[in-house]
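Hi everyone, thanks for having me. Let's look at a structure together and follow one part of it step by step.

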Amino acid sequence: MENRKMRILVISDSHGRNDDVEGVIEQVGKIDMLIHCGDVERGDDYIRSLVDCPVHLVAGNNDYNLDLPSQDIFHIGDYKVWVVHGHMYHVYRGVERLRKKALEDGIDIVMFGHTHKPYIEIGEDLTILNPGSLSYPRQADRRPTFLIMEIDEEGEAHFGHGYYRSKFSELKI
């Protein structure tokens, strides 16, 4: 099977701030897939309309009125990917429950949100990713983050966090 280069934008915890979602899509440019790890809160159809590529959105603990799945399992190239918000796996206490479930289910990459903190763990059998939050970051520097996943010509995945430069970040107060 021939591998195709892909560029995937992974976001989470936008909490209804769809101006941030639109802004990061503009910032990163052309993507082949958009993944949202939950706490969309509103505007899921609007988010889908922002891109011309497959979109995967899952429900977070604040997505009461949205008809979104609690998890999504699909393939990106040769990788079996599991997207889940993470609150049901108590990710504030660590990723052990996610890791255990992913390994039991033959998952290659698990993506989650909920903590509002960026996280990358690349292991031999499993990669665990959290893009952080576009709208309400909680890591020490409080900078809004997202994650880019790229699949190269050989079908290998590469991951990296980026900082979202909102239209308000240039304001001097």
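Here's a question to start: in which sense do β5 and strand β6 pair, and over how many bridges? Keep in mind that this is a predicted model. The answer is that β5 and β6, residues 109-111, pair in the parallel sense, and three bridges hold that pairing. If you want to find one of them, look at Val81, whose bridge partner in β6 is Ile109. To get from β5 to β6, the chain passes through helix α3, which covers residues 96-104. This β-α-β crossover is right-handed.

Now let's turn to the other pairing. Strand β4, residues 71-76, runs antiparallel to β5, and six bridges join the two. β4 and β5 make a hairpin, with two residues between them. Gly77 sits in that turn and has a positive phi of about 60 degrees.

Let me finish with Ala157, which belongs to strand β10, residues 157-163. Is Ala157 buried or exposed? Its relative accessibility is 14%, and buried means under 20%, so Ala157 counts as buried. Beyond its neighbours within four places in sequence, Ala157 is in contact with Tyr79, Met149, Glu150 and Ile151. Finally, Ala157 and Leu129 are 28 residues apart in sequence, and their C-alpha atoms are 12 Å apart in space.

Methods:
Residues are numbered from 1 along each chain as its sequence is written. This is a predicted model: local features need pLDDT of at least 70, side-chain atom pairs count only at pLDDT 80 or more; totals for chains, interfaces and linings use all residues. Side-chain values use heavy atoms; hydrogens and water are left out. Two strands pair if DSSP finds at least two bridges between them. Helices (H or I, at least four residues) and strands (E, at least two) are DSSP runs, numbered from the N terminus. A crossover is right-handed if, with the strands pointing away from the viewer, the path from the first strand over the helix to the second runs clockwise. Buried means under 20% relative accessible area, exposed over 50%, partly exposed in between (1.4 Å probe, protein chains only). Contact means heavy atoms within 4.5 Å.
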